[in-house]
Structure formats: structure tokens, C-alpha cells
Amino acid sequence: MHKLLLVPAVVAAFIAVSPASAQSVTPSQIFQEAESINAQLATFHTANASTPTDDPDLQAVTNRLPRHVFQKAREVLLKTQGLRALKGLPEQPIPVVEVREVLPADTIQLLKAISTGLQDLRPAFGNPPQPAPVPLVDGKSPTDAYKAVAKASLSLDGLGLPPATPNEVYRLALTLVSDIDKIRAARGVSAVVPLPDPVSGKKPVDVYEISYQLLTELKTLVEGKADYAVPQGIVLPAKRTGAIKPSHASEMINVLLAEVSSVKAKVGATKPSDLAPPQNGKTPSDTYQVLMRARAMLAGL
């Protein structure tokens, strides 16, 4: 997430997916839609004489599930709003899914909204030629779809969006704590978990590491108690190998949000995620402190 995305209030609209459409959408169709977005973004880069941001770790992505693809698509839709703001266009509504296991049809709707948002931006890039239609290729997996959506996220970064900041990472951490609290409420857990003592000197890599540790602890909970078991379990992502930036810490918390959304559905929580308000003056140490509280809250389950 980027600074421009945090200034205006984002309008939310609920996604309602019919059983028929939910069954008809395949990972190959999601891949096709994502690659169509990438083709559109490529025309913007040509007009802009720019290139997408590089991510050497993208090809090492481990098995991803529909909920991970959806969360990444939501990230791309939010980044699209940032680019629209840069070019003087209004925000689009951001769809919110009711609390249930994410379906491929949910992700297709997000991607179609992204395509619409990018079409509006064509005049800002000199109305480049429309890209050729992307053919449907059968046999694609959710992991393939995830990589294609992640590619779009990197492409948007290269079009001038400001880099992620510690304030945005902190905001995601607060959102995660709020979702864990919804799980606790659904399970009848009311014990107050206070914020731990402040810490200092933490860097984005420390936030990334504690987020990964929190994910492993969530995996242990899901695998150890049937009441929390989610479809296909939790597959830990491959850990990054290079320098860790705030955007990488955000990425890991977004993975957590995807998994926690599934746990919420499992335990009967009904309220969608509440995106925490914009933050100012926060550091990686502040985020680390919040994630320490998240670990304590999870341990109480």
C-alpha cells in the first residue's frame, strides 16, 4: 500500500456472487484477466518510458490459494486508486467480500474493476494503442494467477507510485489485530491482551520476521485444532532472500490477513475487516510492538 492510497476515504461496495458464477470461474480465467491488465500497463510504460519494479523472488512463490490471489488483487486495486489520484481521477468503489471463504469469482470482479480503472487512465498516458487480447490458456493454477497479479502490482509501482512507508505497514498491523479480535469474539474469548512494552531499533526486516513467525503460529493453531481448520490449510510462503523493505513487510501482513479471513469464516465471525485509519509518525518498532500483541492474542486461542 502507498501513501496516496491512505489520504482519501475509500468507498466500499459488497460483492455478491451467485452460486453459478462462483462455480464457473477458473484460475485460468483469473490468469487471463491479470495478464490483460499487465498488457494494458505495458502500454503505459511504453508511453511513459518507464519499467516495472523488479522482484527476483517472485518466481519462488510457493503454492498459493484463491484467498491469497484475492488479497493480492485487492492490493492492486488499491494501488490503481493511487495512480488515479496521481492523474487527477476519482477513486473507484473497493469491493468488500462478506465473511466466507474467498471464491475465484470474487477475484475476477476485483480484476475487472482494475481493468476499468486503468481504461480511464489511458488519456493520461496519451491514449496508447490498445493491447492485443490475451488468449485463454487452460491449466493455470491459483499460483500462476497469483504471480500474474503480483506482476501487475510491480508494474504499477514502476509508474510513479511512492514506495510503501512504515505508516502503511503499521496500519495493516492494526487491521490484522482487529481481525484477530473478531475471531476471539466469535470464540467467546474476552480476556484483555494489553499492548506490550515499547521496543526500539527495529527495522523492516524485524517486522517481516515477526510477521512470518505469526504466520507459523497461525498454521500451528489451524493444524492443531479442528475448530480452526481452513480449506487446504496454511502454506507458508517462501521467505525473501534480499534486503527487506517496508513493502515486503506489508506483503507478509497481507498474507496473514488472507489467512485470518479464512479463519474468521471458519469460526463464524460475521463482520468484514475494518481497515484501520491512516497513521502518521510510525516506525518499524511501533509495528513490531503491535505484532507482539497479535501473537499474544493468537496464543490465547
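## Terms and basis of the model

The structure described here is a predicted model, in which local features need pLDDT of at least 70 and side-chain atom pairs count only at pLDDT 80 or more, while totals for chains, interfaces and linings use all residues. Residues are numbered from 1 along each chain as its sequence is written, and side-chain values use heavy atoms, with hydrogens and water left out.

## Overall architecture

The protein chain contains nine helices and two strands, where helices (H or I, at least four residues) and strands (E, at least two) are DSSP runs numbered from the N terminus. Along the sequence these elements are arranged as β-α-α-α-β-α-α-α-α-α-α.

The radius of gyration of the protein chain is 19 Å, in agreement with the value near 19 Å that a compact globule of 301 residues would have; this radius is taken over C-alpha atoms, and the globule rule is 2.2 Å times the number of residues to the power 0.38. Taken along the principal axes, the C-alpha atoms fill a box of roughly 60 × 45 × 35 Å. Contact is defined here as heavy atoms within 4.5 Å, and among contacts between residues at least 6 apart in sequence, 90% join residues at least 24 apart.

## Surface and charge

Of the 301 residues in the protein chain, 50% count as buried. The chain exposes about 13100 Å², of which carbon and sulfur atoms supply 56%; these areas come from the Shrake-Rupley method with a 1.4 Å probe, and for residues only the protein chains shown count as cover.

The protein chain carries 31 positive and 27 negative charges, whose mean positions are 2 Å apart. In this count Lys and Arg are positive and Asp and Glu negative, with His and the chain ends not counted, and each charge is placed at NZ of Lys, CZ of Arg, CG of Asp or CD of Glu.

## Nonpolar cores

In soluble globular proteins, nonpolar side chains tend to be buried together. A nonpolar core is defined as a set of buried Ala, Val, Leu, Ile, Met, Phe, Trp, Tyr and Cys residues joined through side-chain atoms within 4.5 Å. The largest such core has 39 residues, and those with the most contacts inside it are Leu 176, Leu 218, Ile 253, Val 263 and Leu 291. Two or more residues of this core come from each of helix H6 (166–186), helix H7 (204–224), helix H8 (246–267) and helix H9 (284–299). Apart from this core lies another, of 37 residues, which includes Phe 44, Leu 118, Leu 154 and Leu 159.

Ser 250 is found in helix H8 and is buried, with a relative accessible area of 2%; beyond its neighbours within four places in sequence, Ser 250 is in contact with Val 169 and Leu 172.

Lys 219 is placed in helix H7 and counts as partly exposed at 22% relative accessibility. Leaving aside neighbours within four places in sequence, Lys 219 is in contact with Ile 234 and Leu 236, whereas its C-alpha atom is separated by 23 Å from that of Ser 247, 28 residues away along the chain.

Pro 237 belongs to the loop between H7 and H8, and its relative accessible area of 11% means that Pro 237 is buried. Its contacts, apart from neighbours within four places in sequence, are with Thr 62, Arg 64, Tyr 212, Leu 215 and Met 252. The C-alpha atoms of Pro 237 and Val 255, 18 residues apart along the chain, are separated by 8.5 Å.

## Backbone and a buried acidic residue

Ala 49 has a positive phi of about 55° although it is not a glycine; this residue lies in the loop between helix H2 (27–48) and helix H3 (66–86) and counts as exposed at 73% relative accessibility. Asn 127, also other than glycine, has a positive phi near 50°. The loop between helix H4 (104–120) and helix H5 (142–157) holds Asn 127, which is partly exposed, with a relative accessible area of 48%.

Asp 106 lies in helix H4 and counts as buried, at 0% relative accessibility. Its C-alpha atom and that of Arg 74, 32 residues apart along the chain, are separated by 10 Å.

Notes. Buried < 20%, exposed > 50% of the residue type's maximum accessible area, 1.4 Å probe, protein only.
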